Amino acid sequence: MMSQAHPSTSPHAESWVFGANNPDLGLPLQHLPYCVFQSIDSNQPHLGVGIGACILDLFVCAETGLFDHIPADIVTACSFPALNPLMDLGPKAWATLRSEIQALLSTSTPLSSDRRLRTEAALVTAREAIFSAPVFIPNYTDFYSSIDHAERVGMLFRPDQPLLPNYQHVPIGYHGRTSSIVLSGTSIQRPKGQSKPVRSEAQPGFAPTTSLDYELELGLYIGQSNPLGTPIPIERASSHLFGISLLNDWSARDIQSWEYQPLGPFLGKNFATSISPWITPISALGPFRSPAAPRLHHLAESLPYLLCRSDQHAGNLNLILEVFLVSLEMKKKSIAPVRLSRVCARDLYWTPAQLIAHHTSNGCNLQVGDLLATGTISGPDHASAGCLLELTSNGTQPITLPTGESRAFLVDGDEVILRGYGEASGHPRIILGECRGTIHSG
Ligand code: MN
């Protein structure tokens, strides 16, 4: 039997806000991503929710009594200029706030004229907003969950054994740095670093990287902590996840390949990571759930602590992700950004819940606001490669831009734009908040 959906949360519910029912904006009543923003007439950043061409200012909603029906701790969390206090309240509180917002914005809920006027007063035009960091991020971990990425990168460096034997069993990850996480639109300085000597007896180089790359990833925001020493079981892992966003894990391949043995990535990675200002809540992703990727014949089944029926059934996300590039030359000639690749996130070998269960399986404590990144998301075919390292075979097969310029890796002035969306029949389309960054010389 079908469960009875609340009228404002049904896939057919529409909003009266300008642009909310326009599929090109991807911000219907069923999406409602969070951000922290400042409008021209406020001098403080406020928590907000995207709807159509507008942002609903949650601080103003709280101040003007629009949230008087919901528990006071949720209203207090809405007045804070970051998502952490709301995250800390847990999934029930997230659901309460979401359905209250949906009721305010839906055409199918009767609003008193006074409430409607106050809601209109809490809406600002998204185009005029200046964004700031949506979450205070205590810790950042980057994984390596795309087997297609792991295999193709492995093929470049170890053609005889592209996939290391541990890959099929253990979600590979490393601890990144939060201090250099920057918001979309922040320009990225080309890092300097050591690179491998040309001859074995020569000194290594120390210069601006000549192999600057992007990595198309999804960021997973942890909304619920676990105490040190207490693993999160796979069955409960998804309830610890608050939301997702696009993330670009910039990488300097020459620095990375010289420094990574035997301890792993370091300065080739931690100079910058860009995040979208928008976080799509997990509750908006129900229609875009997809089964865990099947294990092909040569791969073993995961260990029991990484397996549960619900996660295997619907643990992955059927979201299309794209990378675009626009060079300075293209901008001068008004040429639109060119798409470099397109991939579906459901191809990931490890699901978000498996990453959470594995990360805490030794008792490691995740904190509210922690950011887990999936690792570069690539698909099985070449056109779905999530970084230039793969697309250009480590720079040996440059790609050609519409201007005739060629790219082995990124050059100064290049802007990389990550986009993503979800489509499912019978549901309105959602578009993830984009993530951009332009390279400038070091
Ligand atoms: Mn990465």
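Predicted model: local features only at pLDDT ≥ 70, side-chain atom pairs only at ≥ 80, totals over all residues.
**Exercise 1.** Determine which residues coordinate the manganese ion and what spacing the donors follow along the chain.

*Solution.* 
Step 1. The manganese ion is coordinated by Asp-142 (OD), Glu-215 (OE), Glu-217 (OE) and Asp-249 (OD), at 2.1 to 2.2 Å.
Step 2. Along the chain, these donors follow the spacing D-x72-E-x1-E-x31-D.
Step 3. Glu-217 and Asp-249 link distant parts of the chain, being 32 residues apart. Glu-217 belongs to strand E13 (residues 216-222), whereas Asp-249 sits in the loop between strand E14 (241-248) and strand E15 (251-252).
Step 4. Both Glu-217 and Asp-249 are buried.

**Exercise 2.** Classify Arg-253 as buried or exposed, and identify the side chain with which Arg-253 makes a polar contact of 3.0 Å.

*Solution.* 
Step 1. Arg-253 is located in helix H8.
Step 2. Buried means under 20% relative accessible area. Arg-253 has 7% relative accessibility and therefore counts as buried.
Step 3. The side chain of Arg-253 is joined to that of Glu-215 by a polar contact of 3.0 Å. Glu-215 is also one of the residues that coordinate the manganese ion.

**Exercise 3.** Describe the largest pocket by its volume, its lining and the elements that supply the lining.

*Solution.* 
Step 1. The volume of the largest pocket is about 910 Å³.
Step 2. Its lining comprises 35 residues, and those nearest the centre are Tyr-144, Val-153, Arg-158, Gln-256 and Tyr-260.
Step 3. At least two lining residues come from each of strand E6 (140-143), helix H6 (147-157), strand E7 (173-175) and helix H8 (253-259). Helix H6 gives the most, with five residues.
Step 4. Sorted by class, the lining of the largest pocket contains 16 nonpolar, twelve polar and seven charged residues.

**Exercise 4.** State how much space lies in the second largest pocket, and determine from which domains its lining draws at least three residues each.

*Solution.* 
Step 1. The second largest pocket holds about 620 Å³ of space.
Step 2. This pocket is lined by 23 residues, with Leu-27, Ala-126, Phe-131, Trp-278 and Glu-434 nearest its centre.
Step 3. The class breakdown of this lining is 13 nonpolar, five polar and five charged residues.
Step 4. Domain 1 (7-132) and domain 2 (156-440) each contribute at least three residues to the lining of the second largest pocket.

Note on methods. Residues numbered from 1 in each chain as written. Heavy atoms only, no water. 1 Å grid on protein atoms, 1.4 Å probe; cavity = no way out; pocket = protein on both sides within 12 Å on 5 of 7 lines; lining within 4 Å. Points joined across faces, edges and corners; volume = space filled by probe spheres on them. Helix = DSSP H or I, 4+ residues; strand = E, 2+ residues; numbered from the N terminus. Nonpolar A, V, L, I, M, F, W, Y, C, P; charged D, E, K, R; others polar. Domains from an automatic or database assignment. Donors = N, O, S within 2.8 Å, 3.2 Å for Na, K, Ca; no water. Buried < 20%, exposed > 50% of the residue type's maximum accessible area, 1.4 Å probe, protein only. Polar contact = N/O pair within 3.5 Å; in protein donor to acceptor, adjacent residues only side chain to side chain.
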